[in-house]
Amino acid sequence: MYRAVLLDVYGTLFHEDDEALGPICKQIAEHAQVEKSVVAELWWRLFRKACEKSHGESFRLQADLSRDTLAATLRHLEVAADADRLCEPQFAFWRRPPIFSDSRAFLRQVGLPVCFVSNIDRDDLHAAMSHHEIDVAAVVTS
C-alpha cells in the first residue's frame with residue numbers, strides 16, 4: 001500500500017531550464033568564437049563537479065554554484081562578461097518555469113499526499129509552486 005508520492009520537480013512537473021541556458025551559452029560562444037555546445041559542456045561539467053562537493057559543511061546553494069561555475073567557464077574561455085548578469089534569466093526561470101500540460105491533472109488525480117524532492121534552492125521552488133498555485137504535503141530540497 002502506497003502512502004505518498006515523492007516527485008522530482010524540474011523535468012518532471014516543470015520544464016528544465018534549457019530554454020534559459022541556451023541563450024546564455026550562445027552569447028558566450030559568440031564572444032569566445034566556439035560552438036555553443038563547447039560552452040554548455042564545460043559549464044555543465046564544472047557545475048556537476050561543484051554539486052558533487054556541495055554537501056554537509058561544504059553545502060552551497062544551487063544559484064551560487066551555477067553563478068560560480070559560469071564565472072569559471074568565462075575565465076576558461078577568456079570571455080570578459082558578468083556571470084551574475086548572465087545567470088539572471090536562469091534564476092528567473094527557476095522561479096517561474098513552464099509547467100507540463102499533464103502535471104496539474106496528475107496532481108489532482110494521484111489520490112495520495114505528494115512530496116516534492118528537488119536539488120533546486122528552497123526559495124526558488126516555493127516561488128515556482130506559488131506561481132503555479134500548487135500546494136503539496138511536503139517539500140524537501142538539498
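Glutamate 133 lies in the loop between helix 6 (122-131) and strand 3 (138-141), where helices (H or I, at least four residues) and strands (E, at least two) are DSSP runs numbered from the N terminus. This is a predicted model, in which local features need pLDDT of at least 70 and side-chain atom pairs count only at pLDDT 80 or more, while totals for chains, interfaces and linings use all residues. Residues are numbered from 1 along each chain as its sequence is written, and side-chain values use heavy atoms, with hydrogens and water left out.

The phi of glutamate 133 is near 55°, a positive value in a residue other than glycine. Most residues other than glycine have a negative phi. Glutamate 133 counts as exposed because its relative accessibility is 74%; exposed means over 50% relative accessible area, buried under 20%, and partly exposed in between (1.4 Å probe, protein chains only). Glutamine 33, found in the loop between helix 1 and helix 2 (36-53), likewise has a positive phi, near 60°, and counts as exposed because its relative accessibility is 72%.

Helix 1 (residues 18-32) contains aspartate 18, which counts as exposed because its relative accessibility is 55%.

What does aspartate 17 touch, not counting residues up to four places away in sequence? Its contacts (heavy atoms within 4.5 Å) are Gln90, Phe93 and Trp94.
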